[in-house]
Amino acid sequence: MEASFYPYLGALCWIGMLLMLGTLIRAKVPLFQKLLFPSSLIGGLIGFVLINLDLVGMPTSTGWKDITPNIFSMITFHLFAFGFVGIGLLQTKKPASGKVVMRGALWIALVFGMTFSVQALIGKGVFVLWQDLFGGTFETVNGYLLGAGFTQGPGQTQAYATIWQTSYQTANALSVGLAFAAVGFLVAGIVGVPLAFYGIKKGWVSIEGGKLPQCFLRGLMDKGDNPTCARSTTHPANIDSVAFHLAIMATLYALAYAFGVWWLCTMPKGINGLGIGMIFAWGMFFAMIARKLMAKFDLIHLLDGETTRRLTGATVDFMICAVFLGIEMRALQEVLLPFIVAIAAATFITLIICVWFGRRSPEYGFESCLIMFGYATGTAASGLLLLRIADPDYETPVAVEGGLMNVFSCLTFLPVTLSMPFAPLPGYPIVWVFAAVIIATPIAMYLLKFIRKPAF
């Protein structure tokens, strides 16, 4: 029985303890409240320090045993993939109508793809230039993961890096990619939050910015202010509603794994590694089919959207915390200096892109700039956090546009999505894919009249 705790249950316990510690620190330390650092990020930073000091482990009958970063990397991967099952199950609300919302969502999707491409080329370019000038044996292809880490977050980066390491034996792709993703969250807070307050001070916002409530800053609801977050769809005498939703998600995840194994065993070498590496996509695909079938057979009422969102949100919190513990500092030592240079360059260029296009967007320029900067450095949650500063009650449609952009990005981002798994393949023209996206996007935005006179 004791052996069943080590290492994975022990690692989950560590993540839970760090999340609790991060929640306490966010509630008590004004600095983290001002930067809007979520508890998962605070706990993850503490965990990063502890694990690289070899202080993360658990007691056993044979003594203290360390829990290594690769265990947390594996947990990150599965939390990400499991969360995508929840995303696939979400009952889509009818999108807000109107040309403004559709235009704003497409604007965000286009800038998102261009920003990814720019960041990826910056990462690769800095790594290649550094190696040419100062030498080194590190894999320069890992520089492309800067784009994935910043714009898509740790889960998607984990998926790409896993494919690279298993299919192409790309050394340290996982550690470098997760480090890019982790630093991206820091950039969203350290650069994005002051940008938001500066814009408010300059009068760039579309509405009068209100004061953020204390519960939002502390991260804990006030006593007596506890909105409901889920509805029961099953009778508790039969099965708990949360257990029912978890059972559906676990079944679909099992189907995704089985399909991934089939792909791994039957597809040609070179693409067979996508079977397990793309398990998040298979999971979302099966979940979408399941949701359609439940609707067809009049069973969709058994799926509660808020329960699914809470379960998906929980996986994201655990994943963000876990990603920091999956970074092994020793694996970054050789690439540390070019890594820092690439981060600095990408942050500066990303800020310029978001502000430049935000100033010239058709509507709600500064709000669009903020949500885009959050998307381009952290995740969608980072974008909403920054938007909340300038638009506390989400009175503008930008929050809706940020969600709807995912529909458009399925098409606009497709060339990048299909190319990233093959980036380490010799001769694969991924540079030209990125270059085409960077060139085509401003042209498309100009033709669509998404580039107008500066509004702020």
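Which residues are buried in helix α9 (residues 192-202)? The close-ups below come from a predicted model, and the first one takes up this question.

**View 1. The buried residues of helix α9.** Gly192, Val193, Leu195, Ala196 and Gly199 are the buried ones in this helix, which spans residues 192-202. They sit on the same side of α9, because the arc they cover around the axis is only 160 degrees. As a reminder, an α-helix has 3.6 residues a turn, so residues three or four places apart point the same way.

**View 2. What covers α9, and what follows it.** Here we look at the neighbours. The cover over the buried residues of α9 includes α2 (30-35) and α8 (173-190), along with α16 (336-359), α17 (365-377) and α18 (380-390).

View 3. Ala331 belongs to helix α15, made up of residues 329-332. Its relative accessibility is 17%, so Ala331 counts as buried, the cut-off being under 20%. Leaving aside residues up to four places away in sequence, Ala331 touches Asn172 and Ser175. Val176 is 155 residues from Ala331 along the chain, yet 7.8 Å separates their C-alpha atoms.

**View 4. Confidence along the chain.** For the protein chain, the mean pLDDT is 89, with 96% of residues at 70 or more. Residues 93-97 are a stretch to keep in mind: pLDDT stays under 50 there, and the model has 4 contacts beyond four places in sequence for these residues.

Terms used
Residues numbered from 1 in each chain as written. Predicted model: local features only at pLDDT ≥ 70, side-chain atom pairs only at ≥ 80, totals over all residues. Heavy atoms only, no water. Helix = DSSP H or I, 4+ residues; strand = E, 2+ residues; numbered from the N terminus. Buried < 20%, exposed > 50% of the residue type's maximum accessible area, 1.4 Å probe, protein only. Contact = heavy atoms within 4.5 Å. pLDDT = per-residue confidence, 0-100. Arc of directions from axis to C-beta.
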